[in-house]
Amino acid sequence: MRIDVVSIFPEYLAALELSLIGKARAEGLLDLAVHDLRDFTTDRHRTVDDTPYGGGAGMVMKPEPWAQALEAVAGDEAAGGGARPVLIVPSPAGAVFTQAMAYELAEEKHLVFACGRYEGIDERVLEWARDRFDVRPVSLGDYVLNGGEVAVLAMVEAVGRLVPGVVGNPESLVEESHSDGLLEYPVYTKPSAWRERAVPDILLSGNHGKIARFRRDEQLRRTAARRPDLIEKLDPASLDKADRAT
Ligand code: 6GU
């Protein structure tokens, strides 16, 4: 998968050289490049923002540097007739990013992330970009960040780890929070007794059926307590008799 990130703070994305994603890049599983938006300006001051039409607080990102940058990272592709690259525009005004969206994006060949700062990017850039990209304004959740960079770190990690080969043991992708619509069960390691606290007996029993039941009950209890909204969304057909009793 190819990923391009455009930002006025390319150093922010240095964390993508670390850990699992960094390793996947070094191995060639992810072809990820970060670009400085200011490299696509033409004035002496490398200006990327200006005052908003209609007035109001803050500054708006100028359209032309964005068009130049987006043409540079994906200019040829649109003409090629193949699948259009996806342009993800992080914004608190976007659709909420979910695990389902991460799975969808992991199937794509080319993702481009456009990190806005200030009050956002001139809206005409998004309209113009629809000719060559599948444009998706995306939010991490209902709170406000200063720019898209932190959101891109989260999204690239969530998507990148779903690309085949990035996570060494694909089984670890199956039993995790949100993959079955429930939160993960609690986990424990040695020692079995620690500061007067014991690991639940069932986990030491070697009875795999009982362990699976215990974990499923913990998932249901935890989800009901912390995320009742997820319980509402569960498909009733995905629940067995013991689930309903919990
Ligand atoms: Cl994706 N961007 C910004 N600037 N703020 C956010 C966000 C994104 N998601 C939640 N808050």
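Which residues does the UniProt annotation "binding site" cover, and what can be said about the part of the chain around them?

Analyst: This is a predicted model, and the "binding site" annotation, which comes from an unreviewed UniProt entry, covers Gly116, Leu140, Gly141, Asp142, Tyr143, Val144 and Leu145. Of these, Asp142 is placed in the loop between β7 and α5, and Leu145 is likewise in the loop between β7 and α5. Asp142 counts as exposed because 7 other C-beta atoms lie within 10 Å, whereas Leu145, with 14 other C-beta atoms within 10 Å, is partly exposed. Apart from its neighbours within four places in sequence, Leu145 is in contact with Val150 and Ala151.

Turning to the ligand, 13 residues surround it, and the closest are Pro90, Pro92, Leu140, Leu145 and Ala151. The elements that give two or more residues to this shell are β5 (86-96) and β7 (134-139), with β5 giving the most, three residues.

Helix α5, residues 149-160, has 12 residues and reaches 16 Å from its first C-alpha to its last, close to the 16 Å expected at 1.5 Å a residue. Within α5, the residues Glu149, Ala151, Val152, Met155, Val156, Val159 and Gly160 are buried; they lie on the same side of α5, because they cover an arc of only 145 degrees around the axis. Their cover includes β1 (2-7), α1 (19-26), β5, α3 (99-105) and β6 (110-114).

How values were computed. Residues are numbered from 1 along each chain as its sequence is written. This is a predicted model: local features need pLDDT of at least 70, side-chain atom pairs count only at pLDDT 80 or more; totals for chains, interfaces and linings use all residues. A residue is near a molecule or strand if its C-beta atom, placed from the backbone, lies within 6 Å of it. Helices (H or I, at least four residues) and strands (E, at least two) are DSSP runs, numbered from the N terminus. The expected span of a helix is 1.5 Å times one less than its number of residues. A residue is buried if 20 or more other C-beta atoms lie within 10 Å of its own, exposed if 12 or fewer, and partly exposed in between; C-beta atoms are placed from the backbone. The arc is that of the directions from the helix axis to the C-beta atoms. Two residues are in contact if their C-beta atoms, placed from the backbone, lie within 7 Å. UniProt positions are given in the numbering used here, feature names are shortened, and annotations may be inferred rather than shown by experiment.
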